[in-house]
Amino acid sequence: MLNFLPAFLRGLISSLLLALNVLVYGFMILTLAIIKFVLPFTAIRKAVDRVLNTLAQGWVYNNSVWIALAQKISWRLEGLEKLNPKGWYLVSSNHQSWVDIFVLQQTLKGHIPFLKFFLKQQLIFVPVIGLVWWALDFPFMKRHSEAYLKKHPEARGQDQETTRRACEKFALVPTSVINFLEGTRYTAAKHAQQQSPYTHLLKPKAGGIALAMNAMGEKFQSLIDVTIYYPDGPPSFWDFLAGRVKQIVVLVKERPIPAELTRGDYGGDAVFRAKVQAWVHEMWQDKDKLLASLHRGA
């Protein structure tokens, strides 16, 4: 609808509408979070969490408005037909841009419960939205480097405990937990530095997804394996706000989670760890082949 405007104006309008959406829904979410914090009883938490998740979904639907206003995107979506908005899902996706988060929310809204992300600890300080993420029980991860852990071995396992506590809360009401296995956004430089064995992906880190499967047990119905592809190349967030993204491909595949992978000590059992890594590697190989075929088709 706003395609006749210059890209800068489209981006400015999108930014203002996004900020307004954050402020309005953020205020309502934080108000309810205070109730949950003051009265931390399971029955109250379950009731409040349901309302919080409904508000969060409302925020996603409102984002769809400014996305539709500013964009004229050709979407190719596949694999959404059999998903359940009242189920529990573990979601995994390749990661190329901040735009991925909005693409996932836009694609999966109404098909599965509101997505909960694993976030870097520093993001809690993002004005307003950081507190909203905290109120919605998003787990904040410290992600210490291996060099830091060698100097401070007492910090090893902190992220695992954070994941476990968060997933225990997620088990109370239908929730989708997403984990970007690559741990960071894909770039050619990171790919070369890692010497990744995959053509279009960084090496996956299976620890987070293993802990989520262990903490939620068999609560998850399945894993939603999402492949995102931008035919014109990964966009910046400003490109998205300004309506410069013309094509997006989102392919969804529902995968069963092997029961034996929900029971085991990823950190302490080398045999179990190898099984989880082999399962993740097979999934990543399939995704790499799929991305290769999409690139060839483009």
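These are my notebook entries on one predicted protein chain.

**Ground rules**

I'm working on a predicted model, so local features need pLDDT of at least 70 and side-chain atom pairs count only at pLDDT 80 or more, while totals for chains, interfaces and linings use all residues. Numbering runs from 1 along each chain as its sequence is written, and side-chain values use heavy atoms, with hydrogens and water left out.

**Entry 1: the whole chain**

I started with secondary structure and got ten helices and eight strands. Helices here are DSSP runs of H or I with at least four residues, strands are runs of E with at least two, and both are numbered from the N terminus.

Next I looked up the radius of gyration, which is 19 Å, close to the 19 Å from the globule rule for 298 residues, so the chain is as compact as a globular protein of that length. That radius is taken over C-alpha atoms, and the rule is 2.2 Å times the number of residues to the power 0.38. The C-alpha trace spans about 60 × 55 × 45 Å along its principal axes.

Buried residues come to 48% of the 298. I call a residue buried under 20% relative accessible area, exposed over 50%, and partly exposed in between (1.4 Å probe, protein chains only). The chain exposes about 14800 Å², and carbon and sulfur atoms supply 61% of that; the areas are Shrake-Rupley with a 1.4 Å probe, and for residues only the protein chains shown count as cover.

I also checked contacts (heavy atoms within 4.5 Å). Of those with a separation of 6 or more, 74% join residues 24 or more positions apart.

**Entry 2: the cores**

Which residues have the most contacts inside the largest nonpolar core? I found Val 91 and Leu 108, in a core of 50 residues. A nonpolar core is a set of buried Ala, Val, Leu, Ile, Met, Phe, Trp, Tyr and Cys residues joined through side-chain atoms within 4.5 Å. Helix α2 (residues 42-70) gives the most to this core, with eight residues. Apart from it lies another core, of 33 residues, including Val 177, Leu 181, Ala 210 and Trp 284.

Leaving out neighbours within four places in sequence, I listed the contacts of Val 91: among them are Leu 108, Ile 112, Val 177 and Val 226.

**Entry 3: helix α3**

The buried set includes the polar residues Asp 100, Gln 105 and Gln 106. Gly 110 follows α3 with a positive phi, near 85°.

I picked Thr 107, which sits in this helix (residues 99-108). Thr 107 counts as buried because its relative accessibility is 5%. A polar atom of its side chain lies 2.7 Å from the backbone oxygen of Val 103. Polar contacts are N or O pairs within 3.5 Å; within protein, one atom must be able to donate a hydrogen and the other to accept it, and residues adjacent in sequence count only if both atoms are side-chain atoms. Beyond four places in sequence, Thr 107 touches Trp 75, Leu 77, Leu 80 and Val 250.

**Entry 4: Ser 93**

Buried or exposed? Ser 93 is buried, at 0% relative accessible area. Ser 93 is in strand β2 (residues 89-93), and its contacts more than four places away in sequence include Leu 104, Leu 181, Ile 228 and Trp 284.

**Entry 5: rings**

I counted eleven aromatic pairs. The rule takes Phe, Tyr and Trp rings (six-membered for Trp) with centres within 6.5 Å; planes under 30 degrees apart are stacked, over 60 edge-to-face and the rest tilted.

Phe 114 and Phe 138 make a tilted pair, 6.1 Å centre to centre with 45° between planes. They are 24 residues apart, Phe 114 in the loop between α3 and β3 and Phe 138 in the loop between α4 and β5. Phe 114 is buried at 7%, and Phe 138 is buried at 5%. Ring pairs also link Trp 59, Trp 66, Phe 102, Phe 237 and Phe 240 into a cluster.

**Entry 6: Lys 246**

Last stop was Lys 246, in the loop between α9 (237-241) and β8 (247-255). Lys 246 is partly exposed, at 39%. Its side chain reaches the backbone oxygen of Gly 243 at 3.1 Å. Lys 246 and Lys 72 are 174 residues apart in sequence, yet 6.4 Å apart C-alpha to C-alpha.
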